[in-house]
Amino acid sequence: MSSTAERAADRGPDQDRVWTVAEHLDDILGHVHPLEPIELQLLDAQGCVLVEDVTVPGALPPFDNSSMDGYAVRTADVAAATEDHPAVLTVVGDIAAGSGDLPAVGPGEAARIMTGAPIPPGGQAVVPVEWTDGGLDSGPVTHMPARGSDPHGGSGRVRVFRPAKDAQHVRARGSDADAGELALRAGTVLGAPQIGLLAALGRGTVKVRPRPRVVVLSTGSELVQPGEDVGPGRIHDSNSFQLTAAAREAGAIAYRVGAVADDAETLRAAVEDQLVRADVVVTSGGVSVGAYDVVKEAMHEVHFRKLAMQPGKPQGFGRVGPESTPLLALPGNPVSSYVSFELFVRPVIRTMLGSADVHRTIVQAVCPEGVASSPKDRRQFLRGWYEPATIDGPATVSPVGGTGSHLIKAMAHSNALIVVPENVTEVAPGGEVDVVLLA
Ligand SMILES: Nc1nc2c(c(=O)[nH]1)N[C@H]1C(S)=C(S)[C@@H](COP(=O)(O)OP(=O)(O)OC[C@H]3O[C@@H](n4cnc5c(N)ncnc54)[C@H](O)[C@@H]3O)O[C@H]1N2
Ligand code: MOO
């Protein structure tokens, strides 16, 4: 390993100048690519982007089937049926969903049939059981008796009290999708209905870009695991939980590594250990100018820089290990680390996923309170509560909490970030601002 002075020189003059948010993001995204597609089991592909056009292999539904529990009949036999003059038909069998052996329905006959069961040969329509006596020699019934209490329900006679139109209560083969039709286009994000469709088509696996694996490490000797007692001067590690949760919400498979002490060798070893399961490494803390800023000390491949933003001024980005895995070193203040995640890590995850939505939505809203002061030459991201426009007025956003980057509760009570640009030092009450929507 080179000396500290050499390492500082290696990082070049960039570490002394102030970078814009856009420059830092461009540098990061310039080194990040969508992950190579792989074939995944359906549920493992949830939330992933499809990279193949999926065509319908065979008609859906694959056969004409009943949409009601009732009786498959020939329409002519029931054309004149009324409650006073029911059609009386001979029941020739029972067809459950999944039946392969189908009794033919001839003139004057009916087959008892369940929802989803194939329409038998000769069957032209289905009369729901409620339009019949259910074979009980009575008036209309509300349901079929359970098979256990009526083993002969698929035989005997049934009285039908209403006529049925041709194909009534029949779901035709191919009425959902025809063989050869495009089922899902490449680029589709696989949500629950899309996964359901793939399963219905018989697909066990599907080709997608996988979820990126994000390893989150927090640093700081002051950090104690939640659930354990904090001693004097110590605090619970909240960043690693917040960032891991955020990575999952962004679509990643995220692994949280408990807090690493402020020791350069320990941190380096911890990062090296994690690389085997990481597409991205995210660290929190240890990037400022203190004597214990361990990420800065340990990770000499990482470029540390100051950004023209608040919170989130100190940031690091580099590529580490044999696979040049991107590492984003976020500042330790909890609000700074979360805002940094939103601005820089989330777009990395979304890019690796191959998502069309890399960035959060930005909208304009009126800020009734205004912003009393914002630092010159720094883009400020205030926590806010956004209310969409209603018929009574435009969308609004109100600051939540102050500017302090330790205000975790205020962050947890906000749903947006209010953006105050570099060249704006105050926003008058009722002024319009850009708002990053966090959901
Ligand atoms: N002399 C200067 N001091 C600081 C500057 C500066 O420019 N000059 N920048 C400040 C800014 S801005 C930030 S942001 C922080 C960044 O500091 P570090 O990234 O080195 O973070 P730490 O020093 O490790 O921690 C800062 C703060 O956050 C708390 N923390 C850290 N990790 C966690 C965690 N996992 N869970 C909860 N809280 C955490 C830590 O206890 C500190 O309070 O530097 C300023 N200083
Ligand atoms: O940038 Mo620090 O992130 O202001 O607290």
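## Overall form

Helices (H or I, at least four residues) and strands (E, at least two) are taken here as DSSP runs, numbered from the N terminus. On that basis the protein contains nine helices and 27 strands. Its radius of gyration, taken over C-alpha atoms, is 32 Å, well over the 22 Å that the globule rule gives for 439 residues, so the protein is more spread out than a compact globule; the rule itself is 2.2 Å times the number of residues to the power 0.38. Along the principal axes, the C-alpha trace spans about 100 × 55 × 45 Å.

This is a predicted model, in which local features need pLDDT of at least 70 and side-chain atom pairs count only at pLDDT 80 or more, whereas totals for chains, interfaces and linings use all residues. Residues are numbered from 1 along each chain as its sequence is written, while chains are lettered from A and ligands numbered from 1 in the order in which they are written.

## Domains, burial and contacts

The domain bounds come from an automatic or database domain assignment, which gives domain 1 (4-35 + 210-353), domain 2 (38-56 + 182-209), domain 3 (65-171) and domain 4 (362-437). The C-alpha centres of domain 1 and domain 3 lie 67 Å apart.

A residue counts as buried if 20 or more other C-beta atoms lie within 10 Å of its own, as exposed if 12 or fewer do, and as partly exposed in between, with C-beta atoms placed from the backbone. Buried residues make up 39% of the 439 residues. Two residues are in contact if their C-beta atoms, placed from the backbone, lie within 7 Å; among contacts between residues at least 6 apart in sequence, 71% join residues at least 24 apart.

Strands are said to pair if DSSP finds at least two bridges between them. Three strands form an open antiparallel sheet in the order S2-S13-S3. Strand S2 (38-41) and strand S3 (49-50) stand at its edges, each with a single partner strand, so one side of each is left without a neighbour in the sheet. S3 is joined to strand S13 (residues 205-209) by two bridges, and Val49 has Arg209 of S13 as its bridge partner.

## Strands S6, S8 and S9

Strand S6 (residues 70-73) is antiparallel to S8, with four bridges between them, and S6 also pairs in the antiparallel sense with strand S9 (residues 125-128) over four bridges. Gly70 stands opposite Ile113 in S8 and opposite Pro128 in S9.

Strand S8 (residues 109-113) includes Glu109, which is buried, with 22 other C-beta atoms within 10 Å. Leaving aside residues up to four places away in sequence, Glu109 touches Leu89, Thr90 and Val92. The C-alpha atoms of Glu109 and Gly332, which are 223 residues apart along the chain, are separated by 78 Å.

## Helix H5

In helix H5 (residues 239-249), the buried residues are Asn239, Ser240, Gln242, Leu243, Thr244, Ala246 and Ala247. These buried residues pack against strand S14 (213-219), strand S17 (253-260), strand S18 (280-284) and helix H8 (334-353). Just after H5, Gly251 takes a positive phi of about 115 degrees.

## Around ligand 2

With a residue taken as near a molecule if its C-beta atom, placed from the backbone, lies within 6 Å of it, the residues around ligand 2 are Gln310, Pro311, Gly312, Lys313, Pro331, Asn333, Ser336 and Ser405. This shell divides into two nonpolar, five polar and one charged, where Ala, Val, Leu, Ile, Met, Phe, Trp, Tyr, Cys and Pro count as nonpolar, Asp, Glu, Lys and Arg as charged, and the others, Gly among them, as polar.
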